[in-house]
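This briefing describes a single protein chain, with points grouped by topic. Please consult the sequence and the structure alongside the text.

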Amino acid sequence: MVGLAGAALLVAAGTMAALANFVPWPVAAGMGALSGAAGMTGGVQLQRRAARQSREAAWAATVSAGPVDRTTNGFGGESILGLLLPEYRIVPYSVRHQLPLRELLRWSDGGGKIAEPVLCVDGHPGCGKTRLLVEFAEQVSARCGWVRPGRGEAAVVAALALGCPAVLLVDDADTRDDVPALLAALGKATESTVRVVIAARTSQWWLTVRAGLPAHALTGLPYRAQLTVAPIVSDAQNQRQVFEQALRYFTPEGATLPATILTPQNPPPSILLMHTAAALVSEQRQHAAVDLNTVVADVFAHERTLWQRSIGQAGLAEVPAATLNEALLLAALVGAVDEPTAVRLLGCLPTLTGPSRAETCRRVADWLRALYPQRFPDWLAPHLPAVLIEQHAASSVANSHALASALAVATSADDARARRVFTSIGRARTHSPHADDALAAIIDAAPYPMAKAAITTTAVTGLPLDYVLAASLAKAAKILTTPQLQDLYRLVPERAQPYLLAATAITLLRLYLNHDTVDLNHPDTLDVRHNLAGVLSAQARYDEAATEFRSVLAAEAEVIGPDHPDTLATRHNLAGVLSDQGLYDEAADEYRSVLATQAEVLGTDHPDTLHTRHNLARVLSNKGCYDEAADEYRSVLATRAQVLGPDHPVTLGTRNNLAGVLFRQGHDDEAAIEFRSMLATQAEVLGLDHPDTLATRHNLAHVLSNKGRHDEAADEYRSVLATRAEVLGSDHRDTLHTRHNLAGVLFRQGRHDEAAIEFRSVLAGQAEVLGPNHPDTLHTRHNLAHVLSDQGRHDEAAIEFRSVLAGQAEVLGPNHPDTLHTRHNLAHVLSDQGRHDEAAIEFRSVLAGQAEVLGPNHPDTLHTRHSLAHVLSDQGRHDEAAIEFRSVLATQAEVLGTDHPDTLHTRHNLAHALSNQGRHDQAAIDFRSMLTTQAEVLGTGHPEPVKNRRDMSLMDEQARTNPLPPRKNQQPEESRQAEHDGTA
């Protein structure tokens with residue numbers, strides 16, 4: 001519009017000039033038009049230039065050219081810490097990281113195996129993630145910028161406005177609060193050429209970030225890191241080579257290399273620590289031994305010697321070096337947005353004293369700004385190599401009450417800055433022995449505000465601060481008020497109470513209940529006590545949970561009445577704990593009692609009543625009463641389908657458990673049909689990635705494996721595993737559960753080495769996430785021992801089984817079904833070792849326990865009798881073995897049915913016992929009859945009929961040689977974790 005108006009004016013001016021100067025009007029008008037066109041073009045160009053300058057200014061305001069912002073004061077100089085910053089690149093880029101660099105470059109051009117517009121990079125501290133991004137930023141063809149802290153959303157807007165391919169780099173993303181806003185802004189762009197690289201150490205924080213994003217922002221986001229930067233440093237020889245290479249590059253050209261002896265570390269150190277050691281030796285020109293354990297302390301001691309050259313000019317000659325060191329750490333860990341804030345921050349240090357304290361603090365702030373580069377957008381926040389500052393801070397805070405107190409005072413009213421402190425020192429736990437003491441010192445200095453920050457930091461980042469936090473809270477019991485304890489407990493996410501913040505949750509609840517002002521029988525307090533029992537149960541501390549539930553129950557019955565819904569809920573949950581303890585009869589009785597009252601008070605169709613019936617059915621299934629359990633599930637299913645609808649998730653959950661009972665009854669085909677039918681409905685109603693849908697696919701894979709279709713089962717498990725790892729995370733309990741069962745399929749396929757590797761990997765994850773004595777962890781160790789036994793490594797298997805047995809006896813009790821099951825399999829190993837007498841004694845002891853706990857007709861009890869008969873056969877006591885097999889067979893036929901796989905298996909071994917007695921004709925008849933039934937029930941291609949036909953052939957050909965009867969393949973038992981309760 002401006003250009004058109006200008007053109008019109010020029011035409012008019014030309015016309016007037018023609019009239020005034022007697023120039024022919026057409027000529028003058030043409031001249032005016034030409035002038036107008038030139039003016040219009042110039043105006044448009046001016047507009048475009050202004051818009052381009054505006055876009056470039058917005059880009060420059062939100063990103064920097066490198067990980068360290070060179071626009072801030074100070075950079076490098078004589079400081080070794082400055083030289084170690086990635087941008088200096090004194091040591092050449094490692095060829096061992098060329099592969100991830102090439103993958104990054106291919107991704108930036110739209111190629112390679114990574115398709116998402118957001119790429120996550122992770123790796124151990126100091127492994128070279130930032131250096132990788134520095135190299136990438138130099139070689140990438142697109143516009144590239146390092147997103148300034150706090151400017152994530154604005155950086156995306158600025159990058160989109162450029163209108164050309166752009167890459168945004170977010171380093172140390174797990175310490176930043178602007179990542180969610182950045183991703184949300186990126187998700188709003190329908191078509192974008194902007195890509196984002198996010199680098200962090202761990203993936204736990206990423207799962208939390210994803211969980212908090214709106215739906216539109218999740219498209220194109222990875223579920224986990226697609227690129228992991230591997231460590232460069234390895235064994236002792238490699239450490240010496242890496243150190244010597246770095247020393248050559250840090251030593252000035254022409255100078256002689258210092259003669260040093262490096263003492264390697266195990267586990268190997270980070271590449272950053274190696275470079276730090278080399279830089280320090282080169283700077284000090286010392287011929288001595290290099291101890292990597294003291295390198296961090298040594299480099300900061302060297303830094304303090306450099307300060308002597310500048311503190312005089314800064315007017316700080318009278319300030320002790322130790323105080324300046326604390327000022328550096330306080331500024332680096334907390335930071336300040338402007339000069340007045342920086343003065344107040346440094347004023348938190350009690351050692352900065354004097355008549356003009358504020359002026360001294362200002363001088364220290366100015367001195368630090370001149371000495372080191374600062375982290376944008378803070379006015380004061382020295383940017384130093386993260387691993388070095390973390391380790392030095394952990395050591396300094398642990399040994400300085402004044403510094404710990406200053407950190408607490410400086411951040412007590414600023415949650416974001418407090419989380420920054422806990423994140424930095426919490427990350428030091430992986431490489432500093434002083435981190436826990438430092439964290440405790442900070443919390444102890446101001447328990448309530450610091451505990452709030454520590455809880456939030458743990459929940460978001462997944463850093464293991466739980467036990468340190470719980471211990472500090474326990475020490476502060478007399479300081480914390482009940483409202484403060486309640487506030488702290490509310491901050492603990494429910495998902496974090498069983499594992500991530502388990503000790504903290506328990507400590508907070510107990511501190512509240514033990515407080516002098518709390519009435520233990522007040523209804524609100526009873527709710528807290530009920531929550532405590534629930535958390536104990538979620539942590540598999542069943543004995544403590546049962547004790548707490550019983551105590552609550554007694555108080556509720558007196559205070560609010562035995563028929564109150566809250567009292568019934570407590571009884572219901574107590575029954576659940578009894579079931580977890582393996583006390584199935586007590587659990588069933590408790591459920592039935594609760595059910596009778598609920599039906600009378602709430603009605604038979606009330607959700608709570610149906611929930612109790614559902615869980616009663618589960619206990620009946622665990623008891624081996626499959627027919628009763630199936631009838632109960634069907635009744636609950638009919639009511640839920642009528643009340644809630646057939647496609648409601650709770651209804652589908654009941655169908656899931658009914659299918660599970662069908663499977664236990666040996667009706668594999670019916671179970672598979674039911675699971676597939678559910679799967680079709682869940683995929684439509686809930687979506688393919690919903691946890692319930694994945695649980696059904698998981699259970700279908702279990703059925704396929706049991707049917708002998710191991711390849712299909714493995715494929716299904718792998719597909720579920722990939723999705724669960726993406727949706728829930730690789731360390732989630734359900735993801736580990738699927739990996740556990742995939743390992744079981746590998747075992748069944750005869751791939752024992754692969755199965756052992758997978759079980760060990762699962763075991764490592766469970767030990768870290770759930771704890772070494774959690775029932776899931778112990779169960780995986782149990783199955784690993786199974787694999788060892790099948791590999792012929794019986795001694796190792798026996799040791800592992802005994803270790804598992806000790807843990808189960810402590811956590812679950814000596815008579816828990818799982819404990820008895822482990823003893824059963826230990827007896828099998830004794831038999832495999834040829835120690836048949838010991839095995840028989842152990843089997844009889846297990847049998848007595850199972851008969852008492854589970855009952856004489858429970859499938860597990862019958863299985864132990866079956867194994868005892870096997871040992872009798874191994875001892876040559878064939879008549880006794882045959883009698884025992886017949887007795888087991890009669891009970892199995894009655895309890896499980898004549899077509900159940902366990903029944904058919906006993907018939908198989910009875911036929912072998914008959915053959916060993918010399919009754920070959922009768923054995924052959926029984927074998928043929930069994931084969932006919934197996935082929936009908938399992939199918940002719942199932943591994944069991946195939947194996948048994950082979951056994952039958954051997955028996956026909958070698959009837960008089962009395963071949964050793966084949967032992968039942970002791971397959972790793974599938975995890976007993978409930979896939980889906982189907983209830984709230």
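Which helix among the elements of the protein has the lowest mean pLDDT, and which the highest? The lowest mean pLDDT, 40, belongs to helix H44 (residues 943–957), and the highest, 97, to helix H19 (residues 435–445). The model is predicted, and the confidence figures below should be read together with the structural detail.

**Overall composition and confidence**

- The protein contains 44 helices and eight strands.
- Of its 984 residues, 54% count as buried.
- Among contacts with a separation of 6 or more, 66% are between residues 24 or more positions apart.
- The average pLDDT of the protein is 85, and 87% of the residues score at least 70.
- Over residues 7–11 the pLDDT stays under 50, and the model has six contacts beyond four places in sequence for this stretch.
- Residues 945–984 also have a pLDDT that stays under 50; for them the model has 120 contacts beyond four places in sequence.

- Arg 201 is located in the loop that runs between strand E5 (194–199) and helix H8 (204–211).
- With a relative accessible area of 12%, Arg 201 falls under the 20% cut-off and is therefore buried.
- The side chain of Arg 201 forms a polar contact of 2.7 Å with the side chain of Glu 390.
- Beyond four places in sequence, the contacts of Arg 201 include Asp 122, Gly 123, Pro 125 and Lys 129.
- Also in contact with Arg 201 are Ala 386, Val 387, Glu 390, Arg 427 and His 431.
- Asp 174 is another contact of Arg 201; the two residues are 27 residues apart in sequence, while their C-alpha atoms are 7.3 Å apart in space.

**Ser 424 in helix H18**

- Ser 424 lies in helix H18 (residues 415–427).
- Its relative accessible area is 16%, so Ser 424 is buried.
- Not counting residues up to four places away in sequence, Ser 424 touches Leu 333 and Glu 390. Glu 390 is also in contact with Arg 201.

- The model has four cavities of 30 Å³ or more.
- The volume of the largest cavity is about 70 Å³.
- Twelve residues line the largest cavity, and those nearest its centre are Cys 120, Thr 202, Trp 205, Trp 206 and Ala 225.
- Strand E2 (118–122), E5 and H8 are the elements that each give two or more residues to this lining.
- E2 provides the largest share of the lining, with three residues.

- Helix H24 (residues 523–538) has 16 residues and reaches 23 Å from its first C-alpha to its last. This is close to the 22 Å expected at 1.5 Å a residue.
- The buried residues of H24 include Thr 525, Leu 526, Val 528, Arg 529, His 530, Leu 532 and Ala 533. Val 535, Leu 536 and Ser 537 are buried as well.
- Helix H22 (482–491), helix H23 (502–513), helix H25 (542–559) and helix H26 (565–580) are among the elements that cover these buried residues.
- Glu 548 belongs to helix H25; because its relative accessibility is 16%, Glu 548 counts as buried.
- Apart from neighbours within four places in sequence, Glu 548 is in contact with Arg 529, Leu 532 and Ala 533, which are buried residues of H24.
- Just after H24, Ala 540 adopts a positive phi of about 65°.

**Ala 587 in helix H27**

- Ala 587 is part of helix H27 (residues 584–601).
- The relative accessible area of Ala 587 is 0%, so Ala 587 is buried.
- Leaving out residues up to four places away in sequence, Ala 587 touches Ala 575, Leu 578, Ser 579 and Val 619.
- Ala 587 and Val 619 are 32 residues apart in sequence, and their C-alpha atoms are 7.2 Å apart in space.

**Helix H30**

- Helix H30 (residues 649–664) has 16 residues, which should span 22 Å at 1.5 Å a residue; the 23 Å between its end C-alpha atoms agrees with this.
- Because 13 of the 16 residues of H30 are buried, this helix is largely enclosed by the rest of the structure.

Note on methods. Residues numbered from 1 in each chain as written. Predicted model: local features only at pLDDT ≥ 70, side-chain atom pairs only at ≥ 80, totals over all residues. Heavy atoms only, no water. Helix = DSSP H or I, 4+ residues; strand = E, 2+ residues; numbered from the N terminus. Buried < 20%, exposed > 50% of the residue type's maximum accessible area, 1.4 Å probe, protein only. Contact = heavy atoms within 4.5 Å. Polar contact = N/O pair within 3.5 Å; in protein donor to acceptor, adjacent residues only side chain to side chain. Expected span 1.5 Å × (residues − 1). pLDDT = per-residue confidence, 0-100. 1 Å grid on protein atoms, 1.4 Å probe; cavity = no way out; pocket = protein on both sides within 12 Å on 5 of 7 lines; lining within 4 Å. Points joined across faces, edges and corners; volume = space filled by probe spheres on them.
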